[in-house]
Amino acid sequence: MHNGFETKTIYILGAGFSKSFSPGMPLLSDFKTQIIDMKMDGNGKYPRLADFANRFYQKSHLDSVREIETLATLILTKQLYTTETERQLYSGLKSEILAFIAEKISAEQSVSDSDNFKLLSSFIKHAISKKSALITFNYDLIIENSGIGIDYPGIHSYPTNILQGTLSEPLEYLKLHGSLNWYKIKGADSVGLESVRSVNSNSRFYKMHQYDVPVFIPMAHAKDSFLTGTMYSTIWSYAINKLNEANEIHFIGYGFPETDLNNLVTFLDYKEKIKTIVIHGDNNETARLAQIFGDDKVKNVDAKEFIRNHISSSI
């Protein structure tokens, strides 16, 4: 960690950041019909999930059932079971929907375009050189696959993990919704500081976890219901401390979706420190954010282009 240094600048990354550098990275809209379509084309990889989604849709005819947020919320927040059979069904559904999301996002975790890769690497090196921290709501591994060393505050790695990269000082990277390379140790029931490990692909422990579901908070309306245990509490508390000491905050690719009101409430406390909100959306979204944060702060531009035009001068 950057002990002894105050973090003056915080960059907060959303899905638009990853989508910009890796265009194949799925967004919520890309998931809309995929689960129900699996039932239709006979894909047997997630049978319980496909059958559940299809039956629910056929009975309700609600288009919202085709959306990943609705299905994830319905499945992952279920707590009352009338029978043991129902409990076992939902246990299987929870594993399948998490594995489904992780698989779809894992398929697009590297930046293949050489110019994009250079720009991403330059941005990360710039953040390290300026003692800046990155905070993200994403759980993909685009930053990790840049080859630069990562420091996850609060998260342990196995002793043989190699996360140092090529630089003497790692990037301080807070992943508020977990990460696709974080796993519960074998036998752990809860998501806690002592039970979660970051597992690098060149670790001898990687194969032990390669078929496990990673530790992350999926797309769901009630994300706060997943923010339990010591791990998430510690990461969020550490992030708040970083925000308190920062002079300026920049959001890149995050548009404060209306389903994430808790995040809006949190960051409104730092309204004066927020200098930029970069989104690439429609005029209604831009207008909504401008009303909250001010016209001068909201930039409707692709995340990659913003970094190239506004940060590259200091890289």
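Predicted model: local features only at pLDDT ≥ 70, side-chain atom pairs only at ≥ 80, totals over all residues.

Me: Thanks. At what angle do helix 6 and helix 11 pack, and how far apart are their axes?
Reply: Helix 6 covers residues 114-129 and helix 11 covers residues 303-311; they pack at an angle of about 55°, and their axes are 11 Å apart. Helix 6 and helix 11 are therefore oblique to each other.

Me: And which residues make the contact?
Reply: From helix 6 you have Asn116, Leu119, Phe123 and His126, and from helix 11 there are Lys304, Ile307, Arg308 and Ile311. Sorted by class, the contact of helix 6 with helix 11 has four nonpolar, two polar and two charged residues.

Me: Nice. How do helix 4 and helix 5 cross?
Reply: Helix 4 (residues 68-76) and helix 5 (residues 84-106) cross at roughly 145°, and their axes come within 9 Å. Here, too, the crossing is described from helix 4, which passes helix 5 in a left-handed crossing.

Me: Who is touching whom there?
Reply: Helix 4 brings Ile68, Leu71, Ala72, Leu74, Ile75 and Leu76, while helix 5 brings Tyr90, Leu93, Lys94, Ile97, Leu98, Phe100 and Ile101. By class, the contact of helix 4 with helix 5 has 12 nonpolar, no polar and one charged residues.

Me: Changing topic: is strand 1 mostly covered or mostly open?
Reply: Mostly covered. Strand 1 spans residues 9-13, and five of its five residues are buried. Thr9, Tyr11 and Leu13 point one way from the strand, Ile10 and Ile12 point the other way, and all are buried.

Me: Which strand does strand 1 join through five bridges?
Reply: That is strand 10, residues 248-252, and the two run parallel. In this pairing, Thr9 stands opposite Glu248 of strand 10.

Me: What about strand 1 and strand 2, parallel or antiparallel?
Reply: Parallel again: strand 1 pairs with strand 2 (residues 133-136) over four bridges. Ile12 has Ile135 of strand 2 as its bridge partner.

Me: How do strand 7 and strand 8 pair?
Reply: They pair in the antiparallel sense over three bridges, with strand 8 made of residues 196-198.

Me: Now backbone angles. What is phi for Lys131?
Reply: Lys131 has a positive phi of about 60° although it is not a glycine. You will find Lys131 in the loop between helix 6 and strand 2.

Me: And phi of Phe256?
Reply: Phi of Phe256 is near 50°, again a positive value in a residue other than glycine. Phe256 lies in the loop between strand 10 and helix 9 (261-268).

Me: Is Phe256 buried or exposed?
Reply: Phe256 has a relative accessible area of 2%, and buried means under 20%, so Phe256 counts as buried.

Me: Last one: how many helices and strands does the protein chain have?
Reply: The protein chain has 11 helices and 12 strands. Buried residues make up 48% of its 315 residues.

Definitions and conventions. Residues numbered from 1 in each chain as written. Heavy atoms only, no water. Axes fitted to C-alpha atoms, helices over the stretch in contact; angles between N-to-C directions. Parallel < 35°, antiparallel > 145°, perpendicular 65-115°, else oblique. Contact = heavy atoms within 4.5 Å. Nonpolar A, V, L, I, M, F, W, Y, C, P; charged D, E, K, R; others polar. Buried < 20%, exposed > 50% of the residue type's maximum accessible area, 1.4 Å probe, protein only. Pairing = 2+ DSSP bridges. Left-handed = near helix turned anticlockwise from the far one by under 90°.
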